[in-house]
Each structure stands twice: as structure tokens, then as C-alpha cells.
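Dear colleague,

Please find below the structure that I am handing over to you, together with its sequence. My notes on what was found follow directly after it.

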Amino acid sequence: MQLTLVHTRYQLLETVRIPIAVVGSAFFPAAAMLFFVVPFAGKDAVGATYATASMVTFAVMSANIFQYGIGVAEDRAQPWDPYTRTLPAGPGPRLAGRVLAGLVLTYLSLIPVVVIGATLTAAQITPMAFLLAIGTVAVVSVPFTLMGLAIGYSLPSKAAIVVAQIIFFPLAFGGGLLSAPDEAPGFIEVVAPYLPTRGAVELMWATVGDYPARPLPLIMLGVWVVALAMLAVWAYRRDEGRRFS
Amino acid sequence: MILARADQVSRRYGDVLALDRVDLTVRAGEMVGLLGPNGAGKSTLMNLIVGLRRPTSGRVELFGGDPRDPAPRRQLGMTPQETGLPGTLRVGEVVDFAAAHYADPVPRDELLDRFGLTDQVRRQTGGLSGGQRRRLAVALAFVGRPRLVLLDEPTSGLDVEARRTLWDAIRAFHAEGGTVLLSSHYLEEVEALASRVVVIGHGRVLADDSVDAVRSVVGVRRVSFVADDLPALPGVVRSELIDGRNHLLTTDADQLVRDLVTAGVGFTDLEVRPTSLEEAFLAITAEEPPSGDTRGARPGDGPVTVGSRPAGDDDEPTTAASGGRPATA
């Protein structure tokens with residue numbers, strides 16, 4: 001456990017030393033807040049709250065897909081990674097440390113969105129709901145963490161960057177993150193329930209307001225978690241087999 | 001006390017047989033040099049001993065356990081490739097990180113002082129010179145007060161001064177009872193540090209003995225002289241002309257000199273010298289058959305055990321050198 005914290009600390013140190021990496025995952029959702037949410041939904045308390053929750057989900061998704069997808073793929077290419085495996089600890093603390101550090105960075109990347117939501121829009125949230133939302137963020141991180149790990153462990157870093165970029169935009173649009181609840185264009189309403197982003201954002205909406213989350217997106221979110229977990233485990237094992245067996 | 005052991009270990013990567021039934025035993029207090037050209041299987045053997053990889057067949061033991069379990073690795077020190085240091089972390093942080101894995105690590109300042117890195121403690125590793133990075137990489141192997149240290153090419157590419165610093169640190173560790181297994185294709189390094197040398201070529205152990213014994217069993221001497229005209233001579237392993245001097249490598253210097261005289265070569269400034277380990281090692285590996293045609297037929301044979309065979313008593317040294325093929329076979 002203590003080693004996990006040591007690995008967490010050094011993962012964070014490595015990331016924080018290149019601050020632009022942190023800024024990157026916070027930038028898109030913050031910019032979307034400023035350009036789309038503030039001018040169009042900013043005055044309406046309910047709409048602004050949902051829109052902020054959407055952007056939070058967006059930030060969670062992009063932070064996780066990018067930091068794991070690219071971070072893991074880059075680390076795999078470094079000789080430092082095999083060296084850490086000769087230290088008297090299994091691969092467990094390193095992986096656990098990576099996930100903990102990832103969660104911390106995810107929360108960091110949410111700060112601009114939340115600050116903009118609180119100061120420049122009419123978005124409102126009770127303290128209780130805010131605390132709940134912090135927990136929901138951790139839950140919602142799961143599928144995207146797994147997706148990032150699957151990408152990072154199965155692809156070289158150059159391919160991982162491209163795949164992460166290709167994946168994250170359709171997921172954001174298709175899941176309806178960039179439209180108000182149930183006001184997305186028709187084809188998105190059809191596709192959305194089957195994407196992990198939809199279940200995630202409905203959970204967020206239900207946490208911050210009284211949005212009735214529907215069963216289909218939540219079931220599909222569960223299916224995605226299981227499928228992505230299997231994919232991530234497969235990619236991790238394959239990588240272990242290639243490099244360490 | 002045996003710290004690390006490989007028992008009939010083979011390792012295959014797809015079609016390539018990187019290690020072929022290798023035996024190696026490292027005992028407490030030894031300083032063993034693992035010598036071989038690139039691709040000989042040195043790094044593969046080291047990766048098996050530290051548990052990064054699994055043997056295809058055979059058995060590897062580290063402190064009596066499986067090196068893939070973390071517990072036996074508590075008494076092991078390994079060095080990362082210097083290019084692998086995380087560039088954004090400071091020198092002190094990298095040391096602290098490795099130290100966090102051990103119960104009783106060497107204090108950071110003491111370790112950095114030993115490797116001449118005290119002034120770099122706040123520098124990011126990405127900003128270090130090549131020599132500083134290498135010293136840090138080697139220092140990490142010693143942070144956990146290990147009983148056994150594995151150093152893979154510890155000083156390749158370093159300038160003389162940086163190499164001396166590292167050699168001194170490695171010698172000091174050994175003098176205090178530490179055990180070292182180091183690989184190198186710097187033959188000077190193996191000669192300078194190790195008392196025992198294991199020569200690896202084509203995935204097999206070709207020789208395993210003292211540095212002197214390996215050199216003498218190969219029995220290659222360098223005969224050099226100045227001469228205008230040189231006829232073809234028997235028993236010459238290799239010949240070169242450097243700055244007007246002929247250098248002939250031979251397994252029988254006495255006979256070569258007799259042949260020179262008999263052939264009426266008007267040589268001057270004759271010198272007969274023992275070869276460097278590098279030359280010995282080139283002779284050994286050159287004798288290894290390029291294909292595996294003779295390997296399968298000799299399942300039980302081991303490496304050359306030089307000590308049991310007095311040097312000079314060996315009228316066909318190249319036979320012994322080629323991996324212990326019996327002269328009578």
C-alpha cells in the first residue's frame with residue numbers, strides 16, 4: 001500500500017513537471033464551457049447545471065483516455081519500465097499508483113469547468129449533490145480508464161495518440177455531451193444510449209439534478225465496463241507476454 | 001553460498017535460440033565478468049536472473065527462490081539502461097524512488113557522494129551528461145544494500161575518468177563482501193574488475209574460469225616483427241600489418257618462430273606477447289561453428305573447465321576453445 005502511494009507520488013511528479021499535459025486535458029472542456037455553455041445556456045439555472053455536468057463528463061472522458069492511452073504507451077517504450085520490475089515489488093503498485101495518480105489528475109482537470117460553471121453561469125448545486133458528484137466522477141472514470149489502458153497497452157505511442165483522438169470526439173458528440181438532455185439531433189438520440197458516454201452523463205445529470213436516468217444507457221454502460229475491462233486485461237497480458245515472459 | 005544459479009537454461013525468441021542449455025553459478029563474494037559480443041545472449045541471461053523473463057526450459061534461481069517473485073529480489077541490485085531514466089525527475093527523487101522499495105536503503109547523500117553526484121541532486125535527469133546519467137543508473141543498483149549486483153554494460157561509452165569512478169565504486173562494493181555479475185564487451189573492463197570470466201557466444205557458455213586461465217587455454221600469442229616479405233605460414237589464426245609491423249596471432253608461438261627461421265624470413269625486432277582477453281575471446285568465438293550442426297550431437301558437454309587442464313599441455317588449444325569438443329571425438 002505504501003509502495004502504491006510512492007508510485008502515485010512519482011507518477012504525479014512526472015506529470016506535473018510538464019504542466020502543459022495537465023492543461024491539455026482541462027482545455028477542451030473549459031473552452032467548450034466558455035464558447036457554448038456560457039453564451040447559450042448560461043442564464044438558465046437548470047440548463048446550465050446539466051450543461052456543466054456534461055462538460056465534467058467530457059473532461060473525465062478525455063482526461064482518462066488521453067493520460068492512460070498515451071501515458072501507458074509511452075512508458076512501455078521506456079527502459080525505465082522494465083527496471084522498475086526488477087525492484088522488489090510486483091507490477092501491482094505501479095499499476096495501482098498509475099490509476100490513483102490518474103484519478104487525481106482527472107479531478108484537477110475538472111477544476112476549470114467547475115469554476116466557470118460556478119462563476120459565469122447560473123448553474124446551481126447543493127453541497128450534498130456536489131459531494132455526490134465527486135463520487136460519481138470516480139465511478140464514471142472507470143470505463144474511460146479501462147479504455148485508455150486498453151489503448152495504451154495494445155498500441156505503440158504514436159498510434160495511441162491518433163486512436164485516442166479519433167475515439168474521443170465521436171464519443172462526446174454521439175453520447176449527447178454537447179447537447180442539452182434529450183434535445184440532441186435525432187440520430188444522436190438513436191445512437192447515444194449505446195455509447196458509454198451516455199450512461200456516464202446520465203449518471204452525472206441524475207447526481208446534479210433530478211434527471212431520471214433511463215435503464216438502457218446504464219445497462220449499456222455496465223456492458224461497456226465489462227467489455228473494456230476484458231479488452232484492457234487482454235492487452236495487458238499480451239504486452240506482459242511480449243516483454244516479460 | 002550460491003546467490004544466483006542457472007541450470008541448463010534455454011531461452012527461445014520465436015525461431016531464435018538466444019540461450020542454449022546454459023549453466024551458471026554465482027557464489028557469494030565473487031566478481032564475475034560475463035563476456036561476449038552483442039547478440040551472444042548476455043542480456044537475455046541477465047534478464048532471466050532478475051526475473052524480467054522466464055526461461056523456455058531449465059531453471060533459474062535467485063537466492064534460492066524464483067526471481068519472478070519479489071522476495072528474492074530484495075537482496076538484488078540492478079541498473080536501468082541510462083537512457084531509461086525518467087527525464088523530468090530530479091536525481092535525488094530517482095534515488096528516493098528506488099530506495100522506497102527497500103527496508104534499509106543507503107542514505108541518499110551517502111550514495112550520491114559515492115558516485116560523485118552530490119552536486120547534481122537537484123538536477124533533472126534529462127539535463128545530466130551521459131557520464132552522470134550512467135553513474136546515477138549504476139548507483140541505483142546499490143541503493144538497497146544488495147548482496148548481489150547485476151551490471152549490464154556498466155561503462156560502455158564513458159570517458160576514462162567516469163569509468164574510473166564507477167570501477168572504484170564497484171571495487172569498493174566487492175571489497176566489502178558484495179557479489180557482482182557484470183556483462184561487458186569492454187574486455188579491459190572484465191580484466192580490470194573480474195577474477196572470473198564467463199565467455200558467452202551463440203547462446204552457449206564457451207568458457208568459465210579465471211581470467212588468466214581463459215587467456216592461457218586459448219593459448220593465443222601475438223608474434224610481431226618487422227619483415228619485408230612474408231610467406232604463408234602454418235598455425236596462424238590471424239595476421240595484420242599495422243604501421244609496418246606484422247602481427248601474427250598463433251596458438252603455438254614457438255613453432256611459428258621456428259617456421260619463420262626455417263623459411264628464411266629476414267625479420268627484425270621480434271616480440272612475442274600474450275594476447276589481450278579481447279584477442280583470446282575473438283579466437284574462441286571465431287572457432288564456434290556458425291550453424292548448430294555439432295550442438296545437437298553433444299547434449300551433455302559443458303563449458304571448458306580450464307583449471308583442470310594445464311595450459312601448454314594442450315597441443316590443440318583451439319579444440320578446447322571451441323566449446324569443449326573432445327579432441328578425441
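How many residues of chain A are in contact with residues of chain B? The contact involves 20 residues of chain A and 22 residues of chain B. On the side of chain A that touches chain B, the elements giving two or more residues are α1 (2–16) and α4 (80–86) of chain A. That side of chain A comprises 13 nonpolar, 4 polar and 3 charged residues. Please bear in mind throughout that this is a predicted model.

Helix α3 (residues 45–77) of chain A has 33 residues. From its first C-alpha to its last, α3(A) reaches 48 Å, close to the 48 Å expected at 1.5 Å a residue. Of the 33 residues of α3(A), 27 are buried, and the helix is thus mostly covered.

The remainder of my notes concerns chain B. Its secondary structure comes to 10 helices and 13 strands, and buried residues make up 43% of its 329 residues. Among contacts in chain B between residues at least 6 apart in sequence, 69% join residues at least 24 apart. Chain B is divided into domain 1 (2–212) and domain 2 (218–287). Taken over C-alpha atoms, the centres of these two domains of chain B are separated by 37 Å.

The six-stranded sheet

An open sheet of 6 strands in chain B has the order β5-β6-β7-β3-β8-β9, with mixed pairing. The edges are formed by β5 (76–78) and β9 (204–210) of chain B; each has a single partner strand, so one side of each is left without a neighbour in the sheet. On average, neighbouring strands of this sheet are turned by 15° against each other, direction ignored.

Why is β3(B) described as largely enclosed by the rest of the structure? The reason is that 5 of its 5 residues are buried. M31(B), G33(B) and L35(B) point one way from β3(B), whereas V32(B) and L34(B) point the other way. This arrangement may be read against a general rule: in a regular strand the side chains alternate between the two faces of the sheet.

β3(B) runs parallel to β7(B), to which 5 bridges join it; the bridge partner of M31(B) in β7(B) is V180(B). β3(B) also runs parallel to β8(B), here with 4 bridges, and V32(B) stands opposite R196(B) in β8(B). The pairing of β8 (residues 196–201) of chain B with β9(B), by contrast, is antiparallel and has 6 bridges. In β9(B), V205(B) is the bridge partner of I200(B).

Two helices are to be noted here. Helix α4 (residues 130–142) of chain B packs on the sheet, touching β5 and β6 of chain B, and its direction makes about 160° with that of β6(B).

The four-stranded sheet

A second open sheet in chain B has 4 strands in the order β11-β12-β10-β13, and its pairing is antiparallel. β11 and β13 (268–274) of chain B stand at the edges; each has a single partner strand, so one side of each is left without a neighbour in the sheet. The twist averages 15° from one strand to the next. β11(B) and β12(B) are joined by 6 bridges and run antiparallel, with S239(B) opposite L248(B) in β12(B). Helix α8 (residues 253–262) of chain B lies across β10 (221–226), β11, β12 and β13 of chain B, at about 25° to β10(B).

R21(B) has a positive phi of about 50° although it is not a glycine, and it lies in strand β2 (residues 16–27) of chain B. D243(B), also a residue other than glycine, has a positive phi near 50° and lies in the loop between β11 (236–242) and β12 (245–250) of chain B. Are these residues buried or exposed? R21(B) is buried, because 20 other C-beta atoms lie within 10 Å. D243(B) counts as exposed, because it has 6 C-beta neighbours inside 10 Å.

With kind regards

Technical notes. Residues are numbered from 1 along each chain as its sequence is written. Chains are lettered from A and ligands numbered from 1 in the order in which they are written. This is a predicted model: local features need pLDDT of at least 70, side-chain atom pairs count only at pLDDT 80 or more; totals for chains, interfaces and linings use all residues. Two strands pair if DSSP finds at least two bridges between them. Axes are lines fitted to C-alpha atoms, for helices over the stretch in contact, and angles run from 0 to 180 degrees between N-to-C directions. Two residues are in contact if their C-beta atoms, placed from the backbone, lie within 7 Å. The expected span of a helix is 1.5 Å times one less than its number of residues. A residue is buried if 20 or more other C-beta atoms lie within 10 Å of its own, exposed if 12 or fewer, and partly exposed in between; C-beta atoms are placed from the backbone. Domain bounds come from an automatic or database domain assignment. Ala, Val, Leu, Ile, Met, Phe, Trp, Tyr, Cys and Pro count as nonpolar, Asp, Glu, Lys and Arg as charged, and the others, Gly among them, as polar.
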